[in-house]
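This report looks at the inside of a protein model.

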Amino acid sequence: MKYLFKNAKRLMEDGRTERCELLVENDVIRTIASVVTEGADRVIDCDNQLILPGFVDVHVHLREPGGEHKETIAAGTKAAARGGFTTICAMPNTNPVPDKEETVDWLLEKIKQNASVRVLPYASITKGLKGEELTDIGKLSQAGIFAFTDDGVGIQTADQMLQAMSAAAASKMPVVAHCEDNSIVYGGVVHDGKVSNRLNLPGIPSLSESVQIARDVLLAEATGCHYHVCHVSTKESVRVIRDAKKAGIHVTAEVTPHHLLMNEQAITADDANFKMNPPLRGVDDQEALLEGLLDGTIDCIATDHAPHTQDDKAGGFLNAPFGISGLETAFPLLYTYLVRTEKVDLKQLIDWLTIRPARIFDLPYGVLEEGAAADFTVVNLEKESKINRNTFLSKGKNTPFHDWKVKGIPVMTVAEGKIVYKEDTYD
């Protein structure tokens, strides 16, 4: 089966756009040219919109198995497709946890049956995410998993992280870390700062994140492990990662759209749609994150898509779970509030969402070139919309960006040669 996507534009290395047509055969891009003359079984007019490599998100919570009332593989991957993502990496905080080969095999089969886009599952570092006993990292490395993480829970002892990194390094696998020292969290639910004082809520100190990163980069240096830091949120964390990179340590890092676009001042009431972990930090932290992204200290952007039910989030800051839904809002928000405000350029943003996450994890995705996987999204940069959580394809309607005006809407997404999302009014 051959598809011809005609009358599109593509983004060049220097930031210019040029006319582009793509011939896709099965799941591979066969030809990219200004005009493709070869025949196709189906021709799709891209209406002069921008065609971009499919986005790669290394931090997504799909909740299945065990949390299907919050999200499923089917719903989460449809949300990913709507957001322009064609490869996502699923975190292991499910029930059961993918901590043994049998569970990973079962999960891979469920993904094969139900996913609209490519899903690469993580395995956990410790059994049941309990922080007590390491998984068999050597065996799990051969089971088709993406990397190891206990995301949502920091590895609390240096000895356990040292053992995990040593085993992962021997298997040439990355360790991906949610960094949080529980001994100095003090039951916090928001950033320890002005808002926690104003709303009389317990605060999460910045130090709880940065002190664990400082420990881990030295362990990564000692073991030679690839160490990736999840959702960096503080200026101190950025400084530690920058220094580690200068020292030649194999550390990479991600930042979320919400930490780039918001700070604690956005929280004006006890609204748990603003409750995420790590929390929205101070203005100086927000500025340091963008600076770290621009100078290469932070490598890529990941959504930390963490859907919950509306009942879950009705409990206020003290009782609701952490996390927001992010797959369907990431690109329009980042394009509108970083590119259109000229804080970054479009080429930089696309790199942070595509080739950068792919390269740091040695994935053959995130590119638009002949012979590559037919993963791409068509984006209307001028289309204006308003974020409406009630229209999300994700089961999670929890977002602090409801009603925000945005431009840059993905109108069609192709994953592995199949059209997996198309806006109703498009084509």
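## The second largest cavity

In this predicted model, the second largest cavity has a volume of about 50 Å³. Its lining is made up of Pro 257, His 258, Thr 303, Ile 324, Ser 325, Gly 326, Thr 329, Ala 330 and Phe 401. Four of these lining residues are nonpolar and five are polar, with no charged residue.

## The largest cavity

Five cavities of 30 Å³ or more are counted in the model. The largest has a volume of about 70 Å³. It is lined by 13 residues, and those closest to its centre are Glu 64, Ala 90, Met 91, Thr 94 and Leu 107. The lining of this largest cavity contains 10 nonpolar residues, one polar residue and two charged residues.

## The nonpolar cores

In soluble globular proteins, nonpolar side chains tend to be buried together. In this model, the largest nonpolar core has 92 residues. Those with the most contacts inside this core are Ile 88, Tyr 227, Val 229, Leu 260, Ile 301, Phe 331 and Leu 346. Helix α12 (residues 330–339) supplies the largest share of the core, seven residues. Domain 1 (2–50 + 373–395 + 407–422) and domain 2 (52–369) each contribute at least three residues to it.

Which residues does Ile 88 touch, not counting residues up to four places away in sequence? They are Asp 57, Val 60, Leu 62, Thr 77, Ala 80, Val 117, Arg 118, Val 119, Leu 120 and Leu 327.

How values were computed. Residues are numbered from 1 along each chain as its sequence is written. This is a predicted model: local features need pLDDT of at least 70, side-chain atom pairs count only at pLDDT 80 or more; totals for chains, interfaces and linings use all residues. Side-chain values use heavy atoms; hydrogens and water are left out. On a 1 Å grid over the protein atoms alone, a cavity is a set of points where a 1.4 Å probe fits but cannot get out, and a pocket is an open set with protein on both sides within 12 Å along at least five of seven lines; lining residues have an atom within 4 Å of a point. Grid points are joined across faces, edges and corners, and a volume is the space filled by probe spheres set on the points. Ala, Val, Leu, Ile, Met, Phe, Trp, Tyr, Cys and Pro count as nonpolar, Asp, Glu, Lys and Arg as charged, and the others, Gly among them, as polar. A nonpolar core is a set of buried Ala, Val, Leu, Ile, Met, Phe, Trp, Tyr and Cys residues joined through side-chain atoms within 4.5 Å. Buried means under 20% relative accessible area, exposed over 50%, partly exposed in between (1.4 Å probe, protein chains only). Helices (H or I, at least four residues) and strands (E, at least two) are DSSP runs, numbered from the N terminus. Domain bounds come from an automatic or database domain assignment. Contact means heavy atoms within 4.5 Å.
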